[in-house]
Amino acid sequence: MSQKLDTLWYTRCPVPTGLGIAIQQGWLEDAFRAQGTSLSSLLESNDFSKRESHFSHTVQNSVRHGGNIPAISARARGRDTRVLGLSWADETQLILASPESGIKTVRDLKGRRFGLPNWKHVEIDFSRAQAIRGLENARRLEGPEFSDVELVDQDIETHYSDGQAETIGGTLAWQGRSTTRARANNLELIALLRGEVDAIFLKGSSGAQIAHQFGLTTVIDTGIHPDPLVRANNGTPRTLAVDGYLVDNHFDAAATIVEQVLRAEAWAQNNASEVRRYLARETNSSEYWVSIAYGQDAQTKLKTDLAEQSIVAIQDFTNFLHRWNFIPESFGVRDWVDARPLEAAKARLPEFTLAG
């Protein structure tokens, strides 16, 4: 039986998601206010343990829509989480080199230095994992054996959750140690510009903008490859995940979350220019770089479902994370999925809404 929920904790990554639009539009808050439930942002909490739940999925009655690595990691470590939906919005996934390096193709990486972030005090280093995945996928296509590339760690002593976020004009901005945080997030880029490494991995609108600003050579963009398993990475697909307690004790709340995500995505299909503005705020970028990174048709890619392609890709990526020792064990993704809230949400919405 569904019980009344006092507070729903929410968080999303600075990437295109239906949840992000539903939050910016105020629809998620309106829907839960009608149920007597208040909303609180994990990343804007002054409690470190709550901010950390953005990556660890430890706070009860919480929802997260974003990169799949933290959600996979939490499940692999035995936390009772459920995937309610998967959204696949392709994005640029760039292996970049300095022009001085002479690297132009993946094969040119043989014997060269590849810079990797190495966050030393986090449960799951998603930035390192997605970089290795990008390099491995590139190698699978045309490159040398992985051992022929020298992996060079850029050690980072801070923590993802250091510093409290706040919403400014719809954009999540970090307070306090912003300079330290910005430097930590860009150590591999700094190493590339100094000539200490020869190539790095960056993605999304920030990656596309950085490549342009510094005149870097794009060695490959695996984000545009026709094979979905080559494109599969931390952001493809993204997980809409909640804790098991929420589903088991507040099922109506779980269904309402999905309902508002689907509503936002349906609205997006016919509002391309407004979506670009929303995504620019969401990614702390500009409309131009949103279009470059996610396509002129970015609004059409905002669709949360449980498509077979997404489930297969998540399973492949989960196996990759285990193979590279990012998670203690792999698991069956199909057993992780709970389709009931999605089915309930679809039943609540009119067919013309679901059709976009």
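A residue is called buried when its relative accessible area is under 20%, exposed when over 50%, and partly exposed in between (1.4 Å probe, protein chains only). By that rule, both Phe331 and Trp336 are buried.

The model is predicted, so local features need pLDDT of at least 70 and side-chain atom pairs count only at pLDDT 80 or more, while totals for chains, interfaces and linings use all residues. Residues are numbered from 1 along each chain as its sequence is written, and side-chain values use heavy atoms, with hydrogens and water left out.

Now the rings. Two aromatic rings are described by the distance of their centres and the angle of their planes. Rings of Phe, Tyr and Trp (its six-membered ring) pair if the centres lie within 6.5 Å; planes under 30 degrees apart are stacked, over 60 edge-to-face, the rest tilted. The count is 6 aromatic pairs. Take Trp267 and Tyr278: their centres are 5.6 Å apart and their planes stand at 85°, so this pair is edge-to-face. It links distant parts of the chain, with Trp267 in helix 11 (residues 251-268) and Tyr278 in helix 12 (residues 272-283), 11 residues apart. Helices here are DSSP runs (H or I, at least four residues), numbered from the N terminus. Trp267 has 18% relative accessibility, so it counts as buried. Tyr278, at 11%, is buried too.

Phe331 and Trp336 also pair edge-to-face, at 5.3 Å centre to centre and 90° between the planes.

Charges come next. The charged end of Arg281 sits over the ring of Tyr278, 4.8 Å from its centre. The criterion is NZ of Lys or CZ of Arg within 6 Å of the ring centre and within 35 degrees of the ring normal. Arg133 lies over the face of Phe320, 5.2 Å from the ring centre.

Technical notes: Helices (H or I, at least four residues) and strands (E, at least two) are DSSP runs, numbered from the N terminus.
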